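Take a look, then read on.

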Amino acid sequence: MTTTLSNTNPTALGEPTPGSPEALLLLANAGVLPASAGTEDPRFTADAITTCVSRLLEVKQQQELLANELKELNEQLRLAHLRGDLLTLLPSGKDGNGYQITPDLVLNRRPGRKQWSYSIDCKEIECQLKARQSYEQQSGVASYSVGAAFWEVRAGKG
């Protein structure tokens, strides 16, 4: 069974089609006039959109750099902890937990999250469930919805 999706069905696509009544309602609620109104909005010129996309890419790259830096800093603290440096160089936190870095800053070490390993019986049931889910998706028994649309930006190669 195949289903044809309507381009104006916001629940099927996660977001209405540009210019559709649903999109016009969203624009009105955001206080933005549609392009068809003939009023030029400086936020939506070609230059403004290009600047927006360029800035989006810059922010994404900064996030990646920050994620790498965060990983390195956590590893440095982990090694200092394993060496015993935190115990010898830093005073205990106010409540006896963690380390007092400044009067307003305390460093606490939390245990890792539980990671479960299941029996072969449980894994077999999981495989059966996945097979049944796949069957229901392909046969049209299962229903779905689509989450909110999002932007993906990538730097060009070269």
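## A tucked-away serine

Ser20 is buried, with a relative accessible area of 5%; buried means under 20%, exposed over 50% and partly exposed in between, using a 1.4 Å probe and protein chains only. You'll find Ser20 in the loop between helix H1 (10-13) and helix H2 (21-29). Helices here are DSSP runs of H or I, at least four residues long, numbered from the N terminus. The Ser20 side chain reaches the backbone oxygen of Thr17 at 2.8 Å.

## About the model

This is a predicted model, where local features need pLDDT of at least 70 and side-chain atom pairs count only at pLDDT 80 or more, while totals for chains, interfaces and linings use all residues. Residues are numbered from 1 along each chain as its sequence is written, and side-chain values use heavy atoms, with hydrogens and water left out.

## The largest pocket

How much space lies in the largest pocket? About 980 Å³. A pocket is an open set of points on a 1 Å grid over the protein atoms alone, where a 1.4 Å probe fits, with protein on both sides within 12 Å along at least five of seven lines; lining residues have an atom within 4 Å of a point. The volume is the space filled by probe spheres set on the points.

The lining has 27 residues, and Leu27, Val32, Phe44, Ile49 and Trp151 lie nearest the centre. H3 gives the most, with 5 residues. Ile49 is found in that helix, H3 (residues 46-83), and counts as partly exposed at 44% relative accessibility.

Key. Helices (H or I, at least four residues) and strands (E, at least two) are DSSP runs, numbered from the N terminus. A polar contact is a pair of N or O atoms within 3.5 Å; within protein, one must be able to donate a hydrogen and the other to accept it, and residues adjacent in sequence count only if both atoms are side-chain atoms.
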